[in-house]
Amino acid sequence: MSVSIKASTGNPFARVLSVASYVPSRVIDNAEMCTYIDSSDEWIQQRTGIAERRWVGEEETVESMALAAAQRAVERAGIEGSELGAVIVSTVTYFHQTPSLAAKLAHQLGTNGAAFDISAACAGFCYGLGQAESLVRSGAARYVLVVGVEELSRFTDIHDRTTAFLFADGAGAAVVGPSEINGIGPVVWGSDGGQSQAISQTTEWSEAVANGQTPYLAMDGRSVFKWASGFITDATKQVLDAAGLTPDDLDVFIPHQANNRITDAILRHLKLPERVVVARTIKQFGNNSAASVPMAMDQLLTTGKAKSGQTALLIGFGAGLVYAGQIVTLP
Ligand SMILES: CC(C)(COP(=O)(O)OP(=O)(O)OC[C@H]1O[C@@H](n2cnc3c(N)ncnc32)[C@H](O)[C@@H]1OP(=O)(O)O)[C@@H](O)C(=O)NCCC(=O)NCCS
């Protein structure tokens, strides 16, 4: 039977209402890192820009970090947790296959709204933001919480000198809601599963557990570097084009904190004006995957390096390989 199905009615525009982060307590400097791997402070700083990274302390977990960042973001948005129509969590280090961390988090925040986790690694926050913008504009949810959280210290072999110095822990969260003027540009996103081995889990959980082991992240650093400094540079230009902007329109650039040399390579091609503030939080926080973009945004705002109302370009990229980016007005 042919029927007339009512379409959802939403909001003309969405914006990021707030951002917040949680910084884990354990500071692992390069001197300590070099007790685990054969390396040096000079090598790590020169190749990545990392001086120290944060790992969880005994009381901290993926769940506790996500909750702390989320509570701050909800408070800063000036809404109640019960008003969240959807909670999206991006993580690759919540080791419960099911239920989702998002459903638990939603309950802890006092909402029965939609809740789901996404697996898009270091692009996860930007993937979530793209979905949040669509949900708000379609009317599927009025307020959406997006969380990026990782405990990569548990998913990294600290004696593996190809990965140990890079990965870290942390959480960031943002609330997206309706707006009179547009505050989030079109998401530019995609994947290249042909390079799935470039960053991947060493073995399946079941296989590892049967052998009394833990699976870890393995990385082909050179392939990732080549892809990120080439393809991601083009994707970053597409983010600007999609929003109808040029580099001159930007105030802030927040790339995933993968590696300072990748940021430098993107900057060389993007030709941003000198005045544009570039996130470099990798120096203190390392690469904490889905948490890195919202953590960097929060740090720039709380330290006064960036200001509310400024225009920022976000780009996340990583295991999959996957990427996503968009222009936002800073909350
Ligand atoms: C990981 C990365 C820093 C390694 O640097 P690289 O220059 O490719 O390193 P290579 O494996 O080619 O090794 C170069 C040299 O450094 C040495 N080396 C490798 N790892 C080292 C370490 N942890 N400490 C000290 N020396 C190291 C190698 O032995 C080699 O020495 P040699 O020239 O005497 O043979 C680099 O590939 C990279 O930045 N990749 C991108 C990774 C990334 O950003 N991932 C996150 C994406 S989300």
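View 1. R76 is partly exposed at 45% relative accessibility, where partly exposed lies between buried (under 20% relative accessible area) and exposed (over 50%), with a 1.4 Å probe and protein chains only. D298 is buried at 5%. The two form a salt bridge, with their closest N and O atoms 2.9 Å apart; the term requires a side-chain nitrogen of Lys or Arg within 4 Å of a carboxyl oxygen of Asp or Glu. D298 sits in helix α10 (residues 292-302) and R76 in helix α3, 222 residues apart. Helices are DSSP runs of H or I with at least four residues, strands are E runs of at least two, and both are numbered from the N terminus.

The model is predicted: local features need pLDDT of at least 70 and side-chain atom pairs 80 or more, while totals for chains, interfaces and linings use all residues. Residues are numbered from 1 along each chain as its sequence is written, and side-chain values use heavy atoms, without hydrogens and water.

**View 2. E63 and K104 in a salt bridge.** Their side chains meet at 3.5 Å, N to O. E63 belongs to helix α3 (residues 62-77) and K104 to helix α4 (residues 101-109). E63 has a relative accessible area of 22%, and K104 has 32%.

**View 3. The largest nonpolar core.** Such a core joins buried Ala, Val, Leu, Ile, Met, Phe, Trp, Tyr and Cys residues through side-chain atoms within 4.5 Å. This one has 40 residues, and F253 is among those touching the most other members. Helix α7 gives the largest share, 7 residues.
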